Amino acid sequence: MHHSTYARNRLAMVAGLATLEVMENDKLVENADAMGKRLMEGLNKLKDRYSLLKEVRGMGLMIGFELGCPDSLRSKMEWKLIHAASAGLFPQLIVIPLHRDHGIITMASGHNDVIKLLPTMVITEKEVDHFLNAMEAILRNSQEVGSENWKTIYQIAKRTIKGGD
């Protein structure tokens, strides 16, 4: 028998009810709220220490943080080059080392300097702290244009400008 996406389906209804029961019993909404606050507080503390982190916004576990133009003259020049190559390239300064060095998957939010976080509702304090420690290490490393993170992004920008060579 063929069913439509929006038609009755007993199996889907049972699965939906089971999901709601787990969410309620395991207090996943409360956990999302608490871990979201922990992430936001941690990111805001990092924002106070690192100029690359311009703004932090979100609700619950739906969080975005925007990167800003670095402070030093050389960094500003590199930032402009990277933006000239591709509008959405600069966040890779953070995204690539998060994945490569810390096993954390994030992504840029589009053709801007925003990185979005959408962790699972079962995220733990330990995992939040791991993310915040990783972010601090990356931000510290990314303060200097000559760092490995900048070199990676600069190489991508150069290839983009040259046409993919």
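## Helix α5 and its surroundings

The buried residues of α5 (buried: under 20% relative accessible area, 1.4 Å probe, protein chains only) pack against α2 (28–49), β1 (53–59), β2 (62–67), α4 (92–102), β4 (114–117) and α6 (148–162). Contact means heavy atoms within 4.5 Å. Helices (H or I, at least four residues) and strands (E, at least two) are DSSP runs, numbered from the N terminus.

This is a predicted model: local features need pLDDT of at least 70, side-chain atom pairs count only at pLDDT 80 or more, and totals for chains, interfaces and linings use all residues. Residues are numbered from 1 along each chain as its sequence is written, and side-chain values use heavy atoms, with hydrogens and water left out.

The buried set of α5 is Val128, Phe131, Leu132, Ala134, Met135, Ile138 and Leu139. They sit on the same side of α5, because they cover an arc of only 160° around the axis. That arc is taken from the directions from the helix axis to the C-beta atoms. The face turned away from the buried side carries Lys126 and Asn133, both exposed, that is, over 50% relative accessible area.

In α2, the buried residues are Leu28, Ala32, Met35, Gly36, Leu39, Met40, Gly42, Leu43 and Leu46. Their cover includes α1, β1, β2, β4 and α5.

The expected span of a helix is 1.5 Å times one less than its number of residues.

| Helix | Length | C-alpha end to end | Expected span |
|---|---|---|---|
| α2 | 22 residues | 31 Å | 32 Å |

**The largest pocket**

A pocket is found on a 1 Å grid over the protein atoms alone, as an open set of points where a 1.4 Å probe fits, with protein on both sides within 12 Å along at least five of seven lines. The largest pocket has a volume of about 300 Å³, counted as the space filled by probe spheres set on the points. Its lining has 17 residues (an atom within 4 Å of a point), and Ile104, Ile105, Thr106, Leu117 and Pro119 lie nearest the centre. Helix α5 gives the most to this lining, with 4 residues. By type, the lining holds 10 nonpolar, 5 polar and 2 charged residues. Asp, Glu, Lys and Arg count as charged; Gly is among the polar ones.

**Two single residues**

Lysine 27 lies in the loop between α1 (10–25) and α2. Its phi is positive, about 55°, although lysine 27 is not a glycine.

Glutamate 148 belongs to helix α6. Glutamate 148 touches Arg100 and Asn141, leaving aside residues up to four places away in sequence. Leucine 93 is 55 residues from glutamate 148 in sequence, yet 9.5 Å away C-alpha to C-alpha.
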